[in-house]
Amino acid sequence: MAEFLTDIETIRERARLEIEKGPITDAYGADLERVLQVLNEALATEIVCTLRYKRHYYTASGLCSEPVAAEFLEHAAEEQQHADKLAQRIVQLGGEPDFDPDTLTKRSHAGYDASTDLVEMIKEDLVAERVAVASYTEIAQWLGDGDPTTRRVFEELLAQEEEHADDLRGLLERIPRNTTDEPSDRP
């Protein structure tokens, strides 16, 4: 195991410099402005995904809609948690989370969907999850060792997005076709 390259006194001196930067020290190796931009794009993605899943939850109908709608609602809650984690990290890095509704879909990696067919809802949600998996994989690799904390945030989100994609693929495999014509009892 290698020795510390910097003595503790030097580390302490550096910690006192630019104290207003909080966790951003000389050891931070990423392009902070670009990281904040990427975080805000991911935040927009998670908000759009939350909204899409909520819409699908409330509008899902048909014979098999109950378990599918329950999955939509669970995913909506988890996507909201992702948005919260991203907003927290943006603030930790000294940035401002961008919740501007006028630009959310422009900044989002995934699109919004207003499908009314249950199978199409699942497919569109699966596409969005696959977009998130691809994007977050690339972001985590891009961050590398430059910002290991933000990389870990994206790795955590990535694991859950992969789980969502697997859940949706499973729903597609189990749902019988032509089941969207029956009304639902849900609100």
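**Close-up 1. Helix α3 along its length in the predicted model.** Helix α3, with 28 residues, reaches 40 Å from its first C-alpha to its last, close to the 40 Å expected at 1.5 Å a residue, where the expected span is 1.5 Å times one less than the number of residues and helices are DSSP runs (H or I, at least four residues) numbered from the N terminus. Following α3 comes Gly94, which has a positive phi near 85°. This is a predicted model, in which local features need pLDDT of at least 70 and side-chain atom pairs count only at pLDDT 80 or more. Residues are numbered from 1 along each chain, and side-chain values use heavy atoms, without hydrogens and water.

**Close-up 2. The packing of helix α3 against helix α6.** The axes of α3 (residues 65-92) and α6 (residues 148-174), being lines fitted to C-alpha atoms over the stretch in contact, lie 11 Å apart at an angle of about 170°. Helix α3 is therefore roughly antiparallel to α6, a term for angles over 145 degrees.

Close-up 3. Arg52 belongs to helix α2 (residues 32-59) and, because its relative accessibility is 0%, counts as buried, meaning under 20% relative accessible area with a 1.4 Å probe. Leaving aside residues up to four places away in sequence, Arg52 touches Ala110, Gly111, Tyr112, Asp113, Glu124, Asp125 and Ala128. Glu124 is 72 residues from Arg52 along the chain, and their C-alpha atoms are separated by 9.3 Å.

Conventions: Axes are lines fitted to C-alpha atoms, for helices over the stretch in contact, and angles run from 0 to 180 degrees between N-to-C directions. Helices (H or I, at least four residues) and strands (E, at least two) are DSSP runs, numbered from the N terminus. Angles under 35 degrees count as roughly parallel, over 145 as roughly antiparallel, 65 to 115 as roughly perpendicular and the rest as oblique. Buried means under 20% relative accessible area, exposed over 50%, partly exposed in between (1.4 Å probe, protein chains only). Contact means heavy atoms within 4.5 Å.
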